[in-house]
Amino acid sequence: MEAIINQQSTGGKARAWVGKANQALGLHPEDARFSRTYIAGAFIALLLGGVFGLLQVLVRGGVIDSLPLGLNYYQVLTAHGVMMVVVFSTLFVIGYCYAGLSHTLGGLLPKVRTIAWIGFGLKVVGVAMASVAILSNDATVMYTFYPPMAAVPYFYIGLVFAVLGIWMCAFGAFINVAHWRKAHPGQRVPILSFFATGIFVLLFFGSLPVAVEVLTIIPWSLGWVDTINVMVMRTLFWAFGHTLVNIWYLTAVSAWYVIVPRIIGGARFNDTLTRIVIIMLVMMNITGGFHHQIVDPGISESVKFMHVFMSLAIGFPSLMTAYAMFSVFEKAARKQGGKGLIGWYKKMPWGDVRFLAPMIAMIAFIPAGAGGIVQSTNQLNQVVHNTLWITGHFHLTLGMSVVMTFFGVSYWLIPHLTKRTLTKAINKLGVIQTILWTIGMSLMAVSMHVAGLYGAPRRTAFTEYGGSATAAGWDPYLTLVVIGGSILVVAGILQLYAVFHLLFLAPKGETEFPIAETEPGEATPYWTERWGLWIILMLILVAMAYVIPLAEFIVNAPPGSPPFRTW
Amino acid sequence: MMTRVEKIWLTASFGIIMGFMLITGYQAFAQDMAMPSNKETIDPQKVSQTAPFDKPGLTQIGDKEYEAVIALEVFQFTPGDITVPAGSTVHFVLTSKDVVHGFEIAETNVNAMVMPGHIQKIAQKFDKPGEYLVLCNEYCGAGHDYMFTKITVV
């Protein structure tokens with residue numbers, strides 16, 4: 001039998017002490033500076049990504065014909081995708097996770113700090129190279145950069161630097177967690193660091209396939225190799241691409257399980273089940289990438305059917321999360337005198353942006369997750385594949401569930417890092433921002449889903465398709481997308497002002513790092529800590545999912561494709 | 001350790017996933033509604049010299065059955081503007097001469113990735129007369145939004 005240690009007796013006390021010390025002193029100033037830099041960088045990326053997003057939506061909706069500064073639609077769309085998908089989210093995830101590691105493990109090790117700063121430098125260099133390539137219109141290939149479309153070589157070299165930067169941060173996190181475990185034998189890693197471990201495991205293993213892809217592309221884009229295997233490249237991309245979106249999701253989930261209960265004055269959901277959810281999300285994630293290839297040639301129907309299960313399986317831990325969250329809310333509200341079957345919801349702190357933003361994010365995940373289940377099911381996927389439905393889906397999942405959680409986190413994490421406080425006025429601004437963002441994103445995402453269901457393709461500039469009546473039918477929805485996008489720009493400006501205020505202007509003071517405690521008397525079995533085993537199981541699942549199709553693409557490969565520049 | 005509500009919830013969650021699995025599997029394998037998954041390959045640099053793409057076009061292969069061999073390239077379908085009688089089933093045979101393209105017929109379930117080096121196949125029965133918009137739904141370059149054609153059903 002595995003040893004079971006009562007959290008309340010040993011681990012609990014040590015953690016309570018670390019918690020008290022951190023509450024009194026805040027994060028180590030060096031650790032705070034690191035996370036502050038990452039989060040400030042994330043919001044700069046959000047600003048740039050937002051501007052590009054607005055420009056592209058105005059073209060797509062037919063509001064403007066051409067873009068300023070000689071930019072073109074597909075170039076701006078590429079920049080919007082790269083800024084939001086690769087830069088904003090990754091920087092925020094790492095800044096938040098490192099703050100969590102520092103807070104719950106009693107500070108970062110000096111060498112970890114060094115490693116993580118080197119990671120930051122590599123990422124800055126990488127993103128700068130990729131950005132220059134995109135802005136010179138030499139890499140208008142979208143963030144998916146499917147070969148045989150070929151960008152300039154330094155675009156891919158920039159991506160290599162960005163991936164190396166992410167790996168440095170992942171290794172730093174592993175070293176810090178391993179060090180803590182050695183110093184605290186028999187104890188379970190504090191929950192936020194457990195989440196961070198899972199997130200960095202996924203970041204590392206998820207970016208391995210894209211690293212292989214990019215390293216194969218570089219010699220081909222330089223002309224050293226003549227041709228490339230397009231299906232292998234596409235498969236490697238999605239093994240990474242889908243994992244990446246789930247990394248942000250897992251980060252948002254960590255705030256739902258750990259932070260939100262504290263803000264509403266409740267206790268965390270069952271610790272063992274929380275850790276099982278994390279382990280399941282980590283193990284089953286990478287294999288989910290295959291549902292992006294349901295209508296691809298070269299893969300047999302039976303393999304595609306197996307992948308329906310591989311994709312839908314991720315829905316299971318998410319459904320557990322849905323239960324957990326509402327259970328936590330109801331318990332907290334009833335403790336505070338909430339009554340009735342649903343009347344307890346009145347006891348929730350709706351006027352507190354630190355709760356409101358992540359709460360709406362969670363609610364958005366109900367339709368977003370349902371849409372995800374729908375579109376990973378073969379026949380339904382064929383109806384919506386590459387239409388605006390998909391764009392609508394990830395604006396719900398990422399634009400609402402993930403981003404609004406990140407916004408909610410920023411209202412306590414930034415003042416915690418800057419030793420400032422959230423004022424009533426900024427809280428109110430945050431509430432208005434949250435409502436505007438909700439309206440804008442809902443309008444946009446719902447319109448995109450509907451237009452996509454009627455066949456409007458994604459990633460396409462405004463076109464009447466030669467006066468097609470079918471295409472004309474999509475126009476009203478595209479107009480709604482423009483209106484939604486414009487509201488989002490206003491909401492985005494408010495958010496950026498709040499971030500700026502919390503970074504530089506807010507009154508000095510102490511802000512809590514809100515981590516909820518478990519219910520008294522809970523015992524978590526130690527086997528949850530066996531990351532080696534979870535990683536092996538994850539790799540077995542990855543092998544089950546990818547060995548057959550990749551082997552087929554390589555063994556039965558057609559002659560390869562030379563590079564093309566089609567823009 | 002688990003409450004009754006928790007057990008019901010977990011069972012229902014698992015049930016939803018299995019339900020989707022069963023329906024998907026039944027449709028794919030019993031109702032012949034599987035995804036376009038053809039496994040033939042072709043040299044992407046010799047498409048015009050390789051059968052059947054050396055003679056792209058529409059051929060009648062049976063009673064109300066047609067085969068449409070279409071090559072996709074930036075930013076066109078060869079041939080475009082196909083006309084078939086109402087009630088016809090068209091078997092599309094597709095490949096790309098250059099980058100990745102998508103083959104979508106709006107208001108139908110025809111939706112397939114067309115990759116260079118691979119021959120993709122998908123079929124559709126056209127019952128209702130009218131003009132159907134055919135478009136590329138994977139970004140393929142500067143003229144991606146000009147890559148469309150139509151199928152007229154008379």
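Visitor: How many residues does the contact take from chain A, and how many from chain B?
Guide: This is a predicted model, in which local features need pLDDT of at least 70, side-chain atom pairs count only at pLDDT 80 or more, and totals for chains, interfaces and linings use all residues. Residues are numbered from 1 along each chain as its sequence is written, while chains are lettered from A and ligands numbered from 1 in the order in which they are written. Two residues are in contact if their C-beta atoms, placed from the backbone, lie within 7 Å. On that rule the contact takes 53 residues from chain A and 52 residues from chain B.

Visitor: Which element gives the most to the side of chain A that touches chain B?
Guide: Helices (H or I, at least four residues) and strands (E, at least two) are DSSP runs, numbered from the N terminus. The elements giving two or more residues to this side are α7 (230–263), α9 (301–312), α10 (315–335), α12 (378–384) and α15 (469–472) of chain A. The most, 6 residues, comes from α9(A).

Visitor: Which residue stands opposite B:G130?
Guide: Two strands pair if DSSP finds at least two bridges between them. Strand β9 (residues 130–135) of chain B pairs in the antiparallel sense with β6 (residues 101–105) of chain B over 2 bridges, and 6 bridges join β9(B) to β10 (residues 148–153) of chain B, also antiparallel. In β10(B), the residue opposite B:G130 is B:V153.

Visitor: In which loop is B:P52 found?
Guide: Most residues other than glycine have a negative phi, and most peptide bonds are trans. The peptide bond from B:A51 to B:P52 is cis, with omega near 0°. B:P52 is found in the loop between α1 (4–30) and β1 (57–62) of chain B.

Visitor: What is omega for the cis peptide bond that joins B:V74 and B:F75?
Guide: B:F75 lies in the loop between β2 (65–73) and β3 (76–78) of chain B. For the cis bond joining B:V74 and B:F75, omega is about -15°.

Visitor: Is A:Y465 buried or exposed?
Guide: A:Y465 lies in the loop between α14 (424–453) and α15 of chain A, and has a positive phi of about 50° although it is not a glycine. A residue is buried if 20 or more other C-beta atoms lie within 10 Å of its own, exposed if 12 or fewer, and partly exposed in between, with C-beta atoms placed from the backbone. Because A:Y465 has 22 other C-beta atoms within 10 Å, it is buried.

Visitor: Is B:D81 buried or exposed?
Guide: B:D81 is found in the loop between β3 and β4 (82–84) of chain B, with a positive phi near 45°. Because 11 other C-beta atoms lie within 10 Å, B:D81 is exposed.
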